[in-house]
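This report describes selected features of one protein model with its ligand. Please keep the sequence and the 3D view at hand while reading.

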Amino acid sequence: MGTLTNKRILLGITGGIAAYKSADTVRRLRDAGAEVRAIMTAAATEFITPLTLQAVSGHPVHRQLLDAEPGQRPTDAGAQDGMDHIELARWADALLVAPASANFLARLAQGRADDLLSAVCLATQAPVAVAPAMNRQMWSNAATQANLATLGKNGIRIFGPAEGSQACGETGPGRMLEPAELVTQISQLFVTGELDGLSVMVTAGPTWEAIDPVRGLTNRSSGKMGYAVAQAAAEAGARVILVSGPTALADPERVQTVRVSSAQEMYDAVHAHVGTANIFIGVAAVADYRPSQIADNKIKKDAQNITLELTRNPDILASIAALKPAPFTVGFAAETEDVEQRARRKRESKNLDLIAANRVGTNLGFGSEENSLLLIGQDGVTPLPIQPKTQLARALIRHIAVKYHATRTAGVRQIRR
Ligand code: PMT
């Protein structure tokens, strides 16, 4: 897997000769594992066609702030696919404007929102980076430098520019960084360092409780939430062990993944590897019960009714919280009703530092791309609104990092109730 696996990158393309490199930038971002959508300004389309960007990104190119013109309606072939500037802004994990012309930098510095790209830059909470590309005199001009200073002050990252021969025949600073370097720099945005030097264990996915050689009890957990949490912890600098039930997902990058099947196997793997973990996060939907007997052969359908006797599985999360010393222990609570009350009771009965409650049985939770969480700790409740699970996982890891460091700075393991 690449350094941008599961990342959603919005690539903004403005008018400049370096726009011809945008197709290569998209290809390299996708090779690194990212999903890419492109926004082009009107000037950019003079240098490279939207069709080229659509072909390499695999998505329609976004061009209009208002999509009312014929040919730009969501239903028209080749037009934008119904995401408005707010949806695009929310969708992105990072926004890279490459090439960024002198004119676009000036408009961004002013906070203009009169075309789609500038409006998305204003509306997004994701990190924004620009890769300037222009003639060396335009780059050195005091107005451009003042705009760059403003952008830097506003938290916009500036990638480059490089020095060298320019399309205008001059030599000097102002060349856009090469696509490979842009991919390296955008990957760095996701490395936070919040959990540097710490060890984190995450459980994810469902468990499979065999009834006979071909049948079993399981649930609808896809593993997406747990894998996103494992990856976010790795991005935050932690050494991560993911103990996963059966899923269709690839192993997350920079994460040691241990595959198991049943709840008992998950329990055994967790205890075999938990070692000196500083933080434990139980995202797995572990089966509470397993069949008391596993039939050696496929059960025949001779009888009209059969009875399956079930035995209680060990509670992995509670067993970790009971260790002495225990890691900072975080559970999830999947609830269909009275979400906060039930999650609170779970946190107390399992003696957890934190519980992340989600309402399931709707279109969120199991199997969905998006989710929302209610983080319940000793000192209060923090809601994390609906967003893609990858972004939600990063917000959760940020919260855990703050709480973990607070308890350790205080020098005591907090009494959790
Ligand atoms: O995988 P996805 O499709 O992305 O869906 C994500 C999710 C809905 C599965 C996830 O967000 C979630 O809610 N995970 C917890 C599911 C669950 O089993 O909840 P619970 O309320 O039954 O369990 C409470 C906690 O105890 C959980 O942390 C669970 O991992 C843990 N547990 C439960 C039983 C058991 N025998 N051992 C455990 O460790």
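In which helix is Gln391 found? Gln391 belongs to helix 13, which covers residues 389–409. The model is a predicted one, and the values given here are computed from it.

Is Gln391 buried or exposed? Its relative accessible area is 15%, and buried means under 20%, so Gln391 counts as buried. Leaving aside residues up to four places away in sequence, Gln391 touches Arg90, Trp91, Ala92 and Asp93. Gln391 and Arg347 are separated by 44 residues in sequence, and their C-alpha atoms are 24 Å apart in space.

An open sheet is built from 5 strands with parallel pairing, and the strand order is 2-1-3-4-5. At its edges are strand 2 (35–40) and strand 5 (157–158), each of which pairs on one side only.

Strand 1 and strand 3 run parallel and are joined by 4 bridges; strand 3 spans residues 94–100. Within this part of the sheet, Ile9 stands opposite Ala94 of strand 3.

Where does Thr14 lie? Thr14 is in the loop that connects strand 1 (8–13) with helix 1 (22–31). With a relative accessible area of 2%, Thr14 is buried.

The side chain of Thr14 makes two listed approaches to backbone atoms: the backbone oxygen of Pro99 is reached at 2.6 Å, and the backbone nitrogen of Ser101 at 3.0 Å. Pro99 and Ser101 are also among the residues that Thr14 touches, when residues up to four places away in sequence are not counted.

## The ligand and its shell

How many residues surround the ligand? The shell has 27 residues, and the closest are Ser222, Ala284, Lys346, Asn358 and Gly367. By class, 12 of the shell residues are nonpolar, 9 are polar and 6 are charged.

For Lys346, a polar side-chain atom is 2.4 Å from a ligand oxygen. For Gly367, a backbone N or O atom is 2.6 Å from a ligand oxygen. For Lys224, a polar backbone atom is 3.4 Å from an oxygen atom of the ligand. On its own the ligand has 770 Å² of accessible area, and the protein covers 94% of it.

Which elements give two or more residues to the shell around the ligand? They are helix 9 (224–235), helix 11 (316–321) and strand 16 (328–335). Strand 16 provides the largest share, with 4 residues.

## Phe328 in strand 16

Strand 16 also contains Phe328. Phe328 has a relative accessible area of 2% and is buried. Along the chain, Phe328 and Ile279 are 49 residues apart, yet their C-alpha atoms are separated by 4.6 Å.

## Summary of the sites

Thr14 lies in the loop between strand 1 and helix 1, Gln391 is in helix 13, and Phe328 is in strand 16. Strand 16 is also the element with the largest share of the ligand shell.

Definitions and conventions: Residues numbered from 1 in each chain as written. Predicted model: local features only at pLDDT ≥ 70, side-chain atom pairs only at ≥ 80, totals over all residues. Heavy atoms only, no water. Buried < 20%, exposed > 50% of the residue type's maximum accessible area, 1.4 Å probe, protein only. Polar contact = N/O pair within 3.5 Å; in protein donor to acceptor, adjacent residues only side chain to side chain. Contact = heavy atoms within 4.5 Å. Pairing = 2+ DSSP bridges. Near = heavy atom within 4 Å. Areas by Shrake-Rupley, 256 points an atom, 1.4 Å probe, with all protein chains shown as cover. Nonpolar A, V, L, I, M, F, W, Y, C, P; charged D, E, K, R; others polar.
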